[in-house]
Amino acid sequence: MTTFGLDDLRQHSDVLRLRSGKSLTVRFLEPSEGDALQAYFRSLTTRSRYNRFLGAMSELPHKLLEDFVHVGENDRFSVIATMKIDGHETIVGEARYAFDPDKDSFEFGLSIDDRWQGQGVGSALLSNLECRAAAFGATRLFGDTLRSNEVMIALARKSGFVFTNNPDDWKLVRFEKHSDLAPKKIPCASWRLAAEQISLQAAA
Ligand SMILES: CC(C)(COP(=O)(O)OP(=O)(O)OC[C@H]1O[C@@H](n2cnc3c(N)ncnc32)[C@H](O)[C@@H]1OP(=O)(O)O)[C@@H](O)C(=O)NCCC(=O)NCCS
């Protein structure tokens, strides 16, 4: 298991520039932000929640919410994408990812607030996830989406993912990408630091 202290996790906020010029911050969910994340999921349209969780769900079940809040447990991480709206930091997207150190693989799912979809937020968040995957040394990134989810399929295609059948469920399509990004070339600033810490830990 990759060990991070929560203090370390807090350092890893990335500020991204959207094509509109607005700033998007991607950072780990804080332990106190479970209610804010739940409110975000409840505010999604039924269709977006269905697409995100691959089935009907009105909110995150308590156990799953607990898992989301425990960032880093079992090499699973939750990040939120936030923007300043009317002076308040507001969640406009989220992603959850898992690193499998045995297979060097990185599995993820994400969602963007319906009001912010179609404006490049998903593309920006996905690029940031690719940085985070590279910082772990992951060589394979993948996720599953419903075959009917044309927007996610378009986003994955545009980002260089290829598609295969999900081995367990015909309704799902798996998007995957092989990555050979060396830690030194990781473009996202805070995750370069994380990669250096990981290699120092490995060398110790
Ligand atoms: C899928 C999702 C994450 C994409 O995020 P987004 O912010 O809307 O995507 P972007 O604005 O960055 O667009 C990315 C690409 O998707 C495609 N796209 C975006 N909106 C589209 C639409 N309405 N129809 C078809 N393709 C579309 C385009 O190729 C676009 O690239 P372009 O802007 O260069 O043309 C978002 O729509 C979402 O949260 N959906 C609900 C949850 C979900 O489906 N999650 C995926 C589960 S893995």
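What follows goes from the overall fold to the core, the strands and the ligand site. Keep in mind that this is a predicted model. The chain holds seven helices and eight strands. Its radius of gyration is 16 Å, close to the 17 Å that the globule rule gives for 204 residues, so the chain is as compact as a globular protein of that length.

**Overall build**

- Along its principal axes, the C-alpha trace of the chain spans about 50 × 45 × 35 Å.
- Of the 204 residues in the chain, 29% are buried.
- Take the contacts in the chain with a separation of 6 or more: 61% of them are between residues 24 or more positions apart.

**The nonpolar core**

- The largest nonpolar core is made up of 42 residues, and the ones with the most contacts inside it are Phe106, Leu125 and Ala135.
- Helix α5 gives this core its largest share, 10 residues.
- Who does Phe106 touch, leaving aside its neighbours within four places in sequence? Its contacts are Tyr97, Phe99, Ala133, Phe136, Ala138 and Leu141.

**Strands that pair up with β8**

- Strand β8 covers residues 172–178 and pairs with β6 in the antiparallel sense, over seven bridges.
- If you want a spot to look for in that pairing, Arg140 stands opposite His178 in β8.
- Strand β7 (residues 162–165) also runs antiparallel to β8, and four bridges join the two.
- Here you can pick out Asn165, whose bridge partner in β8 is Val173.
- To get from β7 to β8, the chain goes through a hairpin of six residues.

**Around the ligand**

- There are 23 residues around the ligand, and those that come nearest are Asn51, Gln117, Gly122, Ser123 and Ala154.
- Sorted by class, this shell has 13 polar, seven nonpolar and three charged residues.
- Which elements each supply at least two residues of the shell? They are the helices α3 (46–53), α5 (121–136) and α6 (150–158), along with the strands β5 (105–112) and β6 (140–146).
- The largest share of the shell comes from α6, with six residues.

Note on methods: Residues are numbered from 1 along each chain as its sequence is written. This is a predicted model: local features need pLDDT of at least 70, side-chain atom pairs count only at pLDDT 80 or more; totals for chains, interfaces and linings use all residues. A residue is near a molecule or strand if its C-beta atom, placed from the backbone, lies within 6 Å of it. Ala, Val, Leu, Ile, Met, Phe, Trp, Tyr, Cys and Pro count as nonpolar, Asp, Glu, Lys and Arg as charged, and the others, Gly among them, as polar. Two strands pair if DSSP finds at least two bridges between them. A nonpolar core is a set of buried Ala, Val, Leu, Ile, Met, Phe, Trp, Tyr and Cys residues joined through C-beta atoms within 7 Å. A residue is buried if 20 or more other C-beta atoms lie within 10 Å of its own, exposed if 12 or fewer, and partly exposed in between; C-beta atoms are placed from the backbone. Two residues are in contact if their C-beta atoms, placed from the backbone, lie within 7 Å. The radius of gyration is taken over C-alpha atoms; the globule rule is 2.2 Å times the number of residues to the power 0.38.
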